[in-house]
Amino acid sequence: MPTLTENPARDRLIFALDVPDRTEAIAWLDRLGDSVSFYKIGLELLSGGDWFHVLDELAKRGKKIFADLKFHDVPATVAGAVRGLAQRPITFATIHCDSRAMLEAAAAAKGSLQLLAVTVLTSNDANDLAALGVAGEPADVVIERARLAQIAGIDGVVCSGTDLPRLRDALGRDLLAVCPGIRPAGPSGDDQKRTVDVPTAFAQGADYIVVGRPIRNAPDPRAMADGIVRQIEQSVG
Ligand code: C5P
């Protein structure tokens, strides 16, 4: 696992900028200042029309960028979309973990962009998988999908902290693990079902965590972000 010198605690916290437009996005950048160095921009900003504007603003401010657009289509279409993102100053981008052909096509198009395969959404549990005809516990499905991603040349996976012990046992430490569904104060009753707190995520082998609502809804978001970074320092150091 990289040390704190190689990958500082502050860079391991990714803030989910799930807002509808540039006005709100830039207000968050101003509010969080130096507390957050890595931002995830996703579907809400895209459909609101301001995704590329916010991408440019993040790059201008020297922030690291996670493009969470969760591509899922036939191999040639996904490869084209990945090639487009690879031209921009983006560190991570997501694709769904689908066929090996799609994953390989994406890997071949990614250049220096690091691709993360979404295994099983943290809002889904075993009942949700069963309703789709997918048998087994989420962690089993995560491992099978992560193995496929690794073979195809994908850099890492998005998974729940609850999947990590099994994932690391089965596939080792080479794949990056980026974990959303972080709830610093325990389960929150929102749409996330497979959650862990910050120390548990890192103790179990996370490389990065993605945190949205626990920071956005905190009375003092900046203090919450700083507190999470301190917890990361203690967990990794
Ligand atoms: O607000 P919250 O902390 O739940 O935000 C989590 C973020 O991580 C959201 O932007 C969501 O889209 C994303 N995400 C997730 N589960 C995945 C992949 C991404 O919750 N498997």
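# Close-up views of a predicted model

**View 1. Lys 40 at the ligand.** A polar atom in the side chain of Lys 40 lies 2.7 Å from an oxygen atom of the ligand. The model shown here, as in every view below, is a predicted one. Lys 40 is among the residues that come nearest to the ligand, together with Asp 18, Arg 183, Gly 212 and Arg 213. These five belong to a group of 17 residues around the ligand. The side chain of Lys 40 also has a polar contact of 2.6 Å with the side chain of Asp 68.

**View 2. Arg 183 and Gly 212 at the ligand.** Arg 183 places an N or O atom of its side chain 2.6 Å from an oxygen atom of the ligand. Gly 212 comes within reach through its backbone instead: a backbone N or O atom of this residue lies 2.8 Å from a ligand oxygen atom. How much of the ligand does the protein bury? Taken alone, the ligand exposes 470 Å², and the protein buries 88% of that.

View 3. The ligand sits in the largest pocket. Strand β3 covers residues 64-71 and includes Asp 68, the subject of the next view.

View 4. Is Asp 68 buried or exposed? Asp 68 counts as buried because its relative accessibility is 6%, and the cut-off for buried is under 20%. The side chain of Asp 68 makes a polar contact of 2.7 Å with the side chain of Thr 94, and another, of 2.6 Å, with the side chain of Lys 40. Leaving out residues up to four places away in sequence, Asp 68 touches Lys 40, Ile 41, Gly 42, Leu 43 and Thr 94.

**View 5. Lys 70, a residue with positive phi.** Lys 70 also lies in strand β3. Its phi is positive, about 45 degrees, although Lys 70 is not a glycine. Most residues other than glycine have a negative phi. With a relative accessibility of 25%, Lys 70 counts as partly exposed.

**View 6. Helix α5 and what covers it.** Which residues of helix α5 (residues 100-109) are buried? They are Met 102, Leu 103, Ala 105, Ala 106, Ala 107 and Ala 109. An α-helix has 3.6 residues a turn, so residues three or four places apart point the same way. The cover over the buried residues of α5 includes strands β3, β4 (92-96) and β5 (114-118), along with helices α4 (75-86) and α7 (138-152). After α5 comes Gly 111, which has a positive phi near 55 degrees.

**View 7. Glu 144 in helix α7.** Glu 144 has its place in helix α7, one of the elements covering the buried residues of α5. Its relative accessibility is 48%, so Glu 144 counts as partly exposed. Between Glu 144 and Thr 119 there are 25 residues of separation in sequence, and their C-alpha atoms are 8.8 Å apart in space.

**View 8. Arg 222 in helix α11.** Arg 222 is part of helix α11 (residues 221-236). At 33% relative accessibility, Arg 222 counts as partly exposed. Which residues does Arg 222 contact, leaving aside its neighbours within four places in sequence? They are Arg 31, Leu 32, Gly 33, Asp 34 and Ser 35. With Ser 35 there is a polar contact of 3.1 Å between the two side chains. Arg 222 and Val 36 are 186 residues apart along the chain, and 8.4 Å separates their C-alpha atoms.

**View 9. Ala 203 in helix α9.** Ala 203 belongs to helix α9 (residues 198-203). Ala 203 counts as exposed because its relative accessibility is 66%. Ala 203 and Ile 143 are 60 residues apart in sequence, and the distance between their C-alpha atoms is 19 Å.

**View 10. Leu 4 in the segment before β1.** Leu 4 is found in the segment that precedes strand β1 (13-16). At 26% relative accessibility, this residue counts as partly exposed. Neighbours within four places in sequence aside, Leu 4 is in contact with Ala 9, Arg 12, Glu 233, Val 236 and Gly 237. The C-alpha atoms of Leu 4 and Ala 130 are separated by 40 Å, and the two residues are 126 residues apart along the chain.

Conventions:
Residues numbered from 1 in each chain as written. Predicted model: local features only at pLDDT ≥ 70, side-chain atom pairs only at ≥ 80, totals over all residues. Heavy atoms only, no water. Helix = DSSP H or I, 4+ residues; strand = E, 2+ residues; numbered from the N terminus. Buried < 20%, exposed > 50% of the residue type's maximum accessible area, 1.4 Å probe, protein only. Polar contact = N/O pair within 3.5 Å; in protein donor to acceptor, adjacent residues only side chain to side chain. Contact = heavy atoms within 4.5 Å. Near = heavy atom within 4 Å. Areas by Shrake-Rupley, 256 points an atom, 1.4 Å probe, with all protein chains shown as cover. 1 Å grid on protein atoms, 1.4 Å probe; cavity = no way out; pocket = protein on both sides within 12 Å on 5 of 7 lines; lining within 4 Å. Sits in = over half its atoms within 2 Å of the grid points.
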